[in-house]
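Here is a short briefing on one structure. Keep the sequence and the 3D view open while you read.

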Amino acid sequence: MALLIFANGVLDEVEWIRPYLAQATAVWAADGGSKHLFRLQRLPDRVIGDMDSLEPELQAWLTTHQVPFDQHPVEKDETDLELALLLAAEQPEPEIWLFGLLGGRLDQMLANIFLLTNPALAHKQVQLVTPTERAWLVREQTEIVGQVGDLVSLIPLVGDAHGVSTTGMQWQLLAETLHFGQARGVSNRLTAEKATARVQNGLLLCI
């Protein structure tokens with residue numbers, strides 16, 4: 001059971017998303033993220049945000065089909081995606097899959113990634129999905145499933161990550177520290193179809 005949220009980032013292609021839509025229990029758009037669903041001709045179940053990024057054709061499509069809007073003021077402290085994630089944190093789905101978070105503005109892209117650290121999402125499995133990559137936050141431990149040779153990066157967020165241990169990777173870590181702002185955890189490789197990463201203190205972004 002997964003709730004899908006579309007942000008207003010760059011998606012050059014969208015057809016690869018259809019299998020994910022088939023698995024969704026709900027599909028939301030954060031304001032302009034509706035444009036990606038319009039290209040797929042899949043109506044969102046809800047649109048969240050200040051609606052300042054909706055082109056007239058998109059607005060008409062959503063309105064004609066009576067898609068519910070959770071409208072917020074333009075002048076607000078949160079981004080549209082943040083509002084959507086905070087609302088998603090209250091939903092029953094254990095997993096949240098995010099699309100369209102990257103590309104375009106660097107400030108928005110960085111802010112979108114750091115939203116994964118919001119404490120309200122600590123009890124959810126939140127995953128950023130692109131055509132070639134998946135990324136999620138490791139608060140304690142995680143299992144990584146892929147093909148032998150796949151690249152895996154473990155990047156510390158909001159400070160150093162202490163007690164980092166891994167299995168199933170070419171360069172193993174054993175209760176070691178990955179320092180914030182250093183690239184040691186980038187470009188490891190899977191040596192098995194299932195690997196693990198564990199952190200005793202701190203947060204890791206697994207890509």
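Helices (H or I, at least four residues) and strands (E, at least two) are DSSP runs, numbered from the N terminus. The model is predicted: local features need pLDDT of at least 70, side-chain atom pairs count only at pLDDT 80 or more, and totals for chains, interfaces and linings use all residues. Residues are numbered from 1 along each chain as its sequence is written, and side-chain values use heavy atoms, without hydrogens and water.

**Nonpolar patch**
- Helix α5 (residues 106–114) gives the most to the nonpolar patch, with three residues.
- Valine 158 sits in strand β10 (residues 154–167).
- Valine 158 is exposed, at 55% relative accessible area (buried is under 20%, exposed over 50%, partly exposed in between; 1.4 Å probe, protein chains only).

**Helix α3**
- Leu58, Trp61 and Leu62 are buried in α3 (residues 56–64).
- Seen down the axis of α3, these buried residues fall within an arc of 90 degrees, so they line one face (the arc is that of the directions from the helix axis to the C-beta atoms).
- Pro56, Glu57 and Thr64 are exposed on the other side of α3.
- Glutamine 66 follows α3, with a positive phi near 55 degrees.

**Aromatic rings**
- Six aromatic pairs occur in the structure (rings of Phe, Tyr and Trp, its six-membered ring, with centres within 6.5 Å; planes under 30 degrees apart are stacked, over 60 edge-to-face, the rest tilted).
- Tryptophan 16 and tyrosine 20 pair edge-to-face, 6.0 Å centre to centre, with 85 degrees between the planes.
- Phe6, Trp16, Tyr20, Trp97 and Phe99 form one aromatic cluster.
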